[in-house]
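The sequence and structure are shown first.

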Amino acid sequence: MSDLTDLPDPTALPGVPHPRDTGLLIGQDAAERAFLDAYGSGRLHHAWMITGPKGIGKATLAYRIARFLLATPPMEEDGLFGAPEPPTTLNIDPDHPVARRMAAGSDPGLFVVKRSANDKGDRISAEIRIDDVRKLKSFFALSSADGGRRVVIVDAADEMNTNAANALLKLLEEPPSGAFLLLIAHQPSRLLPTIRSRCRVLSCAPLAPDDLTQALRNAEVTITDAGALGALAAGSVGAAVRLETQDGVQLYGALVALFSGLPSVDRQLALKLSETVAGRAGADRLTLLLDLLDLFLARLARTGAGHAPTPEAVPGEAEVMRRLAPDAHAARGWANLAQSLGNRARQGQAVNLDPSALLLDIVLKIEEQARETLPA
């Protein structure tokens, strides 16, 4: 069994500051204002769902809200000189005790629900499980002494399995006094309708090109191919960082080359690619490749629907896209395949299916779809 300290933090991205340590949030002013407006009105809901694509700052916003709630005294009623002005920013002085404790990961008023080690303890589970949510019982019991606010961040809520989701639902229905729950959701449609209905939504949007560039500079990420990165990252800082630090642009180019021969794929190339994700060392590469495959299919579907992605992510991509997705019928086929393969990938990872076999199976499903889509 591995030492738990050796396992990666599923809420962190290698090579860049953790969201709790990111002082500046770029491009999400509207979401921040929406929360501050609710706070200033005195109608602060106990549960918030922060939605949007991966890597656009949702977790950073959640930690900013948590820091703000734990460091800001409750607003007073009108006094002799009237009510004080409501806060206009979520910024908290880095030297504030709450900010210092959060930076050290030791503030007793904050608990983060996230994926933990699997039963063997040798890797991070593919899901948030019920035991991860049950830890909140001890958190609320230990943190209730001072009667202050307590904040829970669920990162990410759409990674909960059914049992975990039902356990969290009970907490949303009967929250402890002074408790605030911040649910980060990349795909809120995957959550129970009853969970969604009990949360107020803060929508975060993909970053504009200038904001994306600024965010990458703030994270001290060196950009080698801005055009390709912008095309593939789709306004996501997290996606851009992963692509840049894990050779994602080159991997995407390898996928385009592999599928350029559809309706047949080169079996040797497919096998060679699948072998690169074998073992624990290939876990991050598998995740990236699955995301790139999903992106490839999405760009195919958009091409068939008359919205060819521009600019090209890699040379020759546009020609491959036009040939594989010549019309709306092909677009629907690729879009449906993207959804079914996404479910297949999640299930395969959840049951620890052999990574090489999972990736190869997905490649062969794409080949099968191409044979149905392209004219004989």
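Axes are lines fitted to C-alpha atoms, for helices over the stretch in contact, and angles run from 0 to 180 degrees between N-to-C directions. Helices (H or I, at least four residues) and strands (E, at least two) are DSSP runs, numbered from the N terminus. The model is predicted: local features need pLDDT of at least 70 and side-chain atom pairs pLDDT 80 or more, while totals for chains, interfaces and linings use all residues. Residues are numbered from 1 along each chain as its sequence is written, and side-chain values use heavy atoms, with hydrogens and water left out.

**Helix packing.** The axes of helix 12 (residues 283-304) and helix 15 (residues 355-373) come within 11 Å, crossing at roughly 10 degrees. Helix 12 and helix 15 are therefore roughly parallel to each other (angles under 35 degrees count as such). In contact terms (heavy atoms within 4.5 Å), Leu286, Leu289, Leu290, Leu293 and Leu297 of helix 12 meet Pro355, Leu358, Leu359, Ile362 and Ile366 of helix 15. By class, this contact of helix 12 with helix 15 has 10 nonpolar residues, no polar and no charged ones; Ala, Val, Leu, Ile, Met, Phe, Trp, Tyr, Cys and Pro count as nonpolar, Asp, Glu, Lys and Arg as charged, and the others, Gly among them, as polar.

**Sheet.** Two strands pair if DSSP finds at least two bridges between them. An open sheet of 5 strands has the order 2-3-4-1-5, with parallel pairing. Strand 2 (110-113) and strand 5 (200-203) stand at the edges with a single partner strand each, so one side of each lacks a neighbour in the sheet. Neighbouring strands of this sheet are turned by 20 degrees against each other on average, direction ignored. Strand 1 (residues 47-51) and strand 4 (residues 179-185) run parallel and are joined by 5 bridges; Ile50 has Ile184 in strand 4 as its bridge partner. Helix 1 lies across strand 1 and strand 5, at about 150 degrees to strand 5.

**Two residues.** Thr11 is found in the segment before helix 1 (29-41), and Arg198 in the loop between helix 6 (193-197) and strand 5. Buried means under 20% relative accessible area, exposed over 50%, and partly exposed in between (1.4 Å probe, protein chains only).

| Residue | Relative accessible area | Class |
|---|---|---|
| Thr11 | 10% | buried |
| Arg198 | 28% | partly exposed |

Leaving aside neighbours within four places in sequence, Thr11 is in contact with His18, Pro19, Lys114 and Asp155. With the same exclusion, Arg198 touches His45, His46, Ala47, Leu169, Leu172 and Glu173. The C-alpha atoms of Arg198 and Leu169 are separated by 8.6 Å, the two residues being 29 residues apart along the chain.

Conventions: Parallel < 35°, antiparallel > 145°, perpendicular 65-115°, else oblique.
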